[in-house]
Structures are given as C-alpha cells and as structure tokens.
Amino acid sequence: MSNEIKINPMKRLMVRFCGPGKHQLLRTSLFCIVLSLLAGAILLLSLGKNPFVAYGSILQGAGCLPKLRYPGRKNQLTDLLSLLNYATPMVFASLSVAIALKCGLFNICVSGMMVLSGVMATVLVGYNPSISAPLARILVVLIGILFGGALGALIGWLKYRFNMNEVVVAIMFNYIISYIVSFFIRTDFIDPVTRQSVEIGQNARLTLMDVQAFGLRMNITLVMPLAIICIFLIRFLLQRTRLGFELKAVGSNRKASRYAGMKVGRTMIITMVISGALAGLAGVSYYLGSYASIQPRVVPSLGFDAIAVALLGNSTPVGCFFASLLVMIFNSGTTYMSSRLGVLREIASLITSILLLFSACGVFFRSLAGRYYGEILDSEAKHE
C-alpha cells in the first residue's frame, strides 16, 4: 500500500462511505445523517448539554420512544399518530420534487402549488357544510390533484414552448399565488380573531381530530394510505413503464433523448403535471389536514424543505418516505427536547436545519468521493 494512501485516511473514509460501488446512494444518505448528528452533538456540547439525552428527547417527543410522563388521555401511540399526520404533507412534497428531478427539472413551486390547491379546496368544499363528509374529502383530494397538476402543466409548457427557466417561473408563481390568495382571504374569508382564513368545516378535513378511542384522544390522518399508494405507483412508473424510462432518459440527456425519437417536450409537461398533482396533495393534506385555515402572505416552508428531503432520499419514492419521517421526527421532537433540556426552541430547530443542510450536500460528497477514488487507484497503480 502506498504512503500517500496511508497519510490520507479521510480520503479512504470518504470513498468507503460515498464512493462508487453497491448501495452508493444509501451509503451517502447515511453518511449525511451521521455528519448532521455529529454536528448537532458538537452544538449541544458547546451549550453544556448531553447529546444522547437530547437525541433521546427528540425521539420521545416524536413518539418513537416513551416519554417520562404524558398529559391526560395521551400516550406514545397518540404521539406516533400525530407524527404520521405531520409527515404526510412532507411525503407528498418530497415525491413532487423527486419526480421532477428525475426528469432534470427543478420544481421550486411546491409551496405555491400547496397554497393554490389548499385555498381552492377550502373555498370550493371546506366552506360547504351541506356536502357529506366522505364526498367532501374525496372532492378535496381531487381538487388538490387538479389545481396542482394544472399549475405544473403550465410551468412545464412554458419550459417547453419558450424555454423559460422553470426555477425563475416557479419563484414568480410563488409570489403571484401568495399575494392573490392573501388578497382574497383578507377581503372575503378573514377571521377577525386569528387574522387567518375562516376555519373549514369538519366534513372536509383530511385529519380526524381528537378521536376518542380506548380512552385516548388521537389525531388520525386519512391520507397517509394514499401517500403509501403514491410511493408504489411512482416506483412502478419509474421502473416498469415506457414513460418512466423516457422521463429518466430526458433527465439524463435531453439532446440524446430527442435524437432517439423521444418527445422531450411532452415528457417534461407530463412530469410537471405529476409533480404538481403530488404538490397539490401535499397542499390539501397540509391545509385541510394538519391545519384548518390559511395564513395570508405566507407560503409553507415545508415546500422548500422538501427539496433537501428529496435529496436525502436520493430522489427515490421509498427513500423520500423514510427521509420525510426522519426530518419530521426532528421537527416534532425538538419542542419536547427544548422544554426538557431547557434550551431555546431556535437552538433545537437549528439541529433540524443542520440535517437539511447536510442532506443537500449528498451530490457533492459523491463527487468528492469519486475524485478521491480515482486518486487512490492512480496511487496504487504507480506503486505496484
């Protein structure tokens, strides 16, 4: 073994975790998670807190571990169901980003699509108590798919027809939707007490709130099963269908795909329709599930966090699901950690931000490991 290799243990470590080989994407994601946990541990140690106790508190707050005490009619099961309720919009949003990335597109309009779908479902169904609950919830889901897909189709068409940068277009749509929705909420649907939109009826909510069963009060999401179905449908689409093959081919090389006879423009539009529909589902599960009203002039940060979550999940459907759960465990558990350890809520949230930051560095780590792998091979060849 060469001396150069011996004096570069960090390069060998990087290659081992993120270099070429079997399960490279999974190894890179785990490497990013470990780095984020180490960085969070250093932050906690600097504040004089025990990282093991802190991370254990996060798991307890999210319902993954039992707490020391519970308030009335609550237990670990109720916390776990609340975690699934809050994670459902993130699963849809990360899938939306992931499928666009597969086609070489960057859908940064997820937040705008969420607001548009949420407000349309709220106005058309949420304020109509005469609609039966089963029908109202089905209509809410269909409206989310329709309006999210329509906005995605518009962005994809502008990209294909006029070669407009989808990132710039998406950012502009985020602003346009935010201000238009804010105007109508403030003029027609404002609640004078909360200064948000009037709360929707229970018949249209996609989360059953305060369900009493077995002596407990639980929040049960109705759309998590739909999210699981979407995961397997998208996986089947990408791996077993012609459209999925064309989608990945266009994402790899548009010129080569066009030369091979693929309809690149149509594929991009269809991809954005699917991405928009998933973002619409994220919107209705967020605004008509976890929450029951819309705050004017605020786009949900969840739509932007979904970008890092999709990268952490390697833009695969199953990976996005587990990455969403991981991020929402940190989001849900930091409040309990903050109260138990006596640290500021902002410090607790910073740990989640560190996780998202390292998640976005996965591509860089793989590229760096590939370069180190080449250097190691060259060094071995010279010293044989």
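Is Phe321 buried or exposed, and what is its relative accessible area? Phe321 is buried, with a relative accessible area of 16%, where buried stands for under 20% relative accessible area, exposed for over 50%, and partly exposed for what lies in between, computed with a 1.4 Å probe on protein chains only. The model is predicted, so local features need pLDDT of at least 70 and side-chain atom pairs count only at pLDDT 80 or more, whereas totals for chains, interfaces and linings use all residues. Residues are numbered from 1 along each chain as its sequence is written, and side-chain values use heavy atoms, with hydrogens and water left out.

**Helix α16**

- Helix α16, residues 362–382, has 21 residues and reaches 30 Å from its first C-alpha to its last, close to the 30 Å expected at 1.5 Å a residue; the expected span is 1.5 Å times one less than the number of residues, and helices (H or I, at least four residues) and strands (E, at least two) are DSSP runs numbered from the N terminus.
- The buried residues of α16 are Gly362, Phe365, Leu368, Ala369, Tyr372, Ile376 and Ser379.
- Seen down the axis of α16, these buried residues fall within an arc of 120 degrees, so they line one face of the helix; the arc is that of the directions from the helix axis to the C-beta atoms.
- Such a pattern can be read against the geometry of an α-helix, which has 3.6 residues a turn, so that residues three or four places apart point the same way.
- On the other side of α16, the exposed residues are Val363, Ser367, Arg371, Ala381 and Lys382.

**Aromatic rings**

- A search of the whole structure finds 9 aromatic pairs, a pair being rings of Phe, Tyr and Trp (its six-membered ring) with centres within 6.5 Å, counted as stacked if the planes are under 30 degrees apart, edge-to-face if over 60 and tilted for the rest.
- One of the pairs joins Tyr286 and Tyr291 in a tilted arrangement, 4.9 Å centre to centre and with 50 degrees between the planes; Tyr286 counts as buried at 18% relative accessibility, and Tyr291 counts as partly exposed at 39%.
- Phe321 and Phe322 form an edge-to-face pair, 5.3 Å centre to centre with 75 degrees between the planes, and while Phe321 is buried, Phe322 counts as exposed at 53% relative accessibility.
- Ring pairs also link Phe17, Phe31, Phe364 and Phe365 into a cluster, and Phe365 is among the buried residues of α16.
- The charged end of Arg161 sits over the ring of Phe162, 5.3 Å from its centre, a description that applies if NZ of Lys or CZ of Arg is within 6 Å of the ring centre and within 35 degrees of the ring normal.

**Salt bridges**

- The structure holds 5 salt bridges, each defined as a side-chain nitrogen of Lys or Arg within 4 Å of a carboxyl oxygen of Asp or Glu.
- Lys67 forms a salt bridge with Asp79, the closest N and O atoms being 3.3 Å apart; Lys67 lies in the loop between α4 (51–62) and α5 (76–102) and Asp79 in helix α5, so the pair ties together parts that are 12 residues apart in sequence.
- Asp79 is buried, with a relative accessible area of 14%.
- Glu246 and Arg242 meet through their side chains in a salt bridge of 3.1 Å, N to O, and both lie in helix α10 (residues 242–252), 4 residues apart, about one turn of the helix.
- Glu246 counts as buried at 6% relative accessibility, whereas Arg242 counts as exposed at 67%.
- Salt bridges that share partners join Arg242, Glu246 and Arg266 into one network.

**Contacts of Glu166**

- Glu166 lies in helix α8 (residues 166–188) and counts as buried at 9% relative accessibility.
- The side chains of Glu166 and Lys159 meet in a salt bridge of 3.2 Å, N to O, and Lys159 is buried as well, with a relative accessible area of 12%.
- A polar atom of the Glu166 side chain also lies 3.2 Å from the backbone nitrogen of Phe106.

**Pairs separated along the chain**

- Thr207, found in strand β1 (residues 207–213), is buried with a relative accessible area of 1%, and its C-alpha atom is separated by 4.4 Å from that of Thr221, 14 residues apart along the chain.
- Glu346 lies in helix α15 (residues 345–359) and counts as exposed at 58% relative accessibility; Glu346 and Thr334 are 12 residues apart in sequence and 9.3 Å apart in space, C-alpha to C-alpha.

Technical notes:
Polar contact = N/O pair within 3.5 Å; in protein donor to acceptor, adjacent residues only side chain to side chain.
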